[in-house]
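User: I'd like to talk through the ring contacts and some helix packing in this one. Could you start with how you decide on a ring pair?

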Amino acid sequence: MKKKLLIAVLLALAAGSIAWGFRYGLRFKDFHWESAALFLRGENPYQWFFDGRYFQGVWVDATQAPSTIAFILPYGLFSHYVGNMLWDVSNLVFLGMFWFFVSRFQGFKVSGFQGFKDVFWVLFAVFAMGTPCRVVFETGQGGLFSLAFFAAAYWAMERKKSFWLVGFLMAVSLFKYTFAVPLAFVFLFRRQWKAIAVCAGIHVGLTVLLGWWTGTNPVTLVLQSMKIGTMLNPRGGDADWAAMAHFVGMDIAVPSLVGYAVFGILLFVLSFAGSRDPLLKLATFAVIANVMFYHRVYDFVTLVFPLIYAVLHREEKGTVDRAIRYATYATVGYTFFAGKIFYMLQSPLGVPIAFTLEHVLLVCLVWKDFKKRYGLTRGTLI
C-alpha cells in the first residue's frame, strides 16, 4: 500500500512538471520548425541564418544536420504555434514510447530485468519530473525524440527484426546526434553492419535529396550546419570539457579536440577490453557523450541509463558497484533537481560540480566495464 501511495505521489509530481514544461514549450522553437518549413519551400535555412533573416517572425536557428531535419519536415506544414503544440504532444508520445521499449529490452536480463519491473514506475516518475525532461518540453528540444527511436531500434535488434527496420529506426534516432551517435556504438559492438549501412545510406540519401531540392551542394549544407553549431555554442555545455575550459578562462578549441581523442580511445578500449553487459555499455556511453561533447541540461535525459543500472545493481556489495551507485545517485540528483537551483541563482559553481560528478561516474563505469569482462559468459554478449 505504501509503495502504491509513493508511486501515485511521484506520478502526480511528474504530471505537474510535464504540464509546466508543456505550457511554456508553446512559446519556444528549438525543435527547428523554421528549418523544416524552409526546406519544404525549397529554401536553404542555413543561408537564411547567415543572412540574419527571420521566417514568419521566427529567427532561423539552423544548427541541426540537414538529414536530421528531414525527419521533422511534416511539422513545417503548420504555423509556428501549431507546430510547437504538435511537437509538445509528440514529446508526450516519445516519452511513453521510450519507456515502453526500454521495459522490453531482453538484454536487461543480464543486469536483473525483474528488478527493473519492480521499480519501473518509480524510475519513470523520477525521470519525468526531473529538470532535463521538463526542459525538453519547455524548449522544444529533441532528446526524447532520439531516445524513443533509439530504444525502438535496440528492441528491434534484440528481437532479430529486419535489418532494414533496425537501420531506419537507428537513422531517425540520430536526430540528437551529439548523444545518439555514442549510444549507437552498441549496434557496432553487436556487429549490425547491414543496419548501420542502411542508417548511413538514409542520411546520405536525405542530404543529397535536400541538396537537390534546395539547389545547394549537399556538402555545403552539411558544412554550413556544422559552422552554425560552432558559432552558437562557443562556451561549451554544462558538464563537458569545453565548458570546464571556458570556466577556467581557456580557449575551448584544444579541450574540445582532446575530448574527441579521448572518446576514440575509450571506444577502442571498451570494444576490446570491456564487458559485454548491454546495460553497462549503454550507461557508459551515455556518460561519455555527456562529458566529451557539448550538452545542456535537457540532454541529460540520457542519465536514465546509468540510473537504471545503479538501481538494478543496488544489492551488489563490491567497492566499484557502491561507487557507481553513489556517483549515479549524486549525479542524477544534482542534474535532475539541485542543478536547477544553481542555474536560477546563476552560480558559477554549476559547471565544476556537474563536471566533477559526471567524470567520477564515468571513471567508475569504465573501470566496472573493464573488470566485468572476465566474469561474463558467451550467452551475455551485447
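Analyst: Rings of Phe, Tyr and Trp, the last by its six-membered ring, are paired if their centres lie within 6.5 Å, and planes under 30 degrees apart count as stacked, over 60 as edge-to-face and the rest as tilted. The model here is a predicted one.

User: How many aromatic pairs does that rule give?

Analyst: The count comes to 36 aromatic pairs. One of them joins Phe-31 and Trp-87, a stacked pair at 4.8 Å centre to centre with 15° between the planes. Phe-31 lies in the loop between α1 and α2 whereas Trp-87 belongs to helix α5, so the pair ties together parts that are 56 residues apart in sequence.

User: Are those two, Phe-31 and Trp-87, buried or exposed?

Analyst: Both Phe-31 and Trp-87 are buried, and for Trp-87 the relative accessibility is 1%. Trp-87 also pairs with Phe-175, where the ring centres are 6.2 Å apart and the planes stand at 45°, so this pair is tilted. Phe-175 sits in the loop between α10 and α11, 88 residues from Trp-87, and is buried with a relative accessible area of 2%.

User: Switching topic, which charged end sits over the ring of Trp-48?

Analyst: That is Arg-53, whose charged end is 3.8 Å from the centre of the Trp-48 ring. Elsewhere, Lys-281 lies over the face of Phe-189, at 5.6 Å from the ring centre.

User: And at what angle do α16 and α19 pack?

Analyst: Helix α16 (residues 278-292) and helix α19 (residues 350-372) pack at about 145°, with axes 9 Å apart. The contact includes Lys-281 and Leu-280 of α16 and Leu-361 of α19, and its residues divide into ten nonpolar, three polar and five charged.

Conventions
Residues are numbered from 1 along each chain as its sequence is written. This is a predicted model: local features need pLDDT of at least 70, side-chain atom pairs count only at pLDDT 80 or more; totals for chains, interfaces and linings use all residues. Side-chain values use heavy atoms; hydrogens and water are left out. Axes are lines fitted to C-alpha atoms, for helices over the stretch in contact, and angles run from 0 to 180 degrees between N-to-C directions. Helices (H or I, at least four residues) and strands (E, at least two) are DSSP runs, numbered from the N terminus. Contact means heavy atoms within 4.5 Å. Ala, Val, Leu, Ile, Met, Phe, Trp, Tyr, Cys and Pro count as nonpolar, Asp, Glu, Lys and Arg as charged, and the others, Gly among them, as polar. Buried means under 20% relative accessible area, exposed over 50%, partly exposed in between (1.4 Å probe, protein chains only). A charge sits over a ring if NZ of Lys or CZ of Arg is within 6 Å of the ring centre and within 35 degrees of the ring normal.
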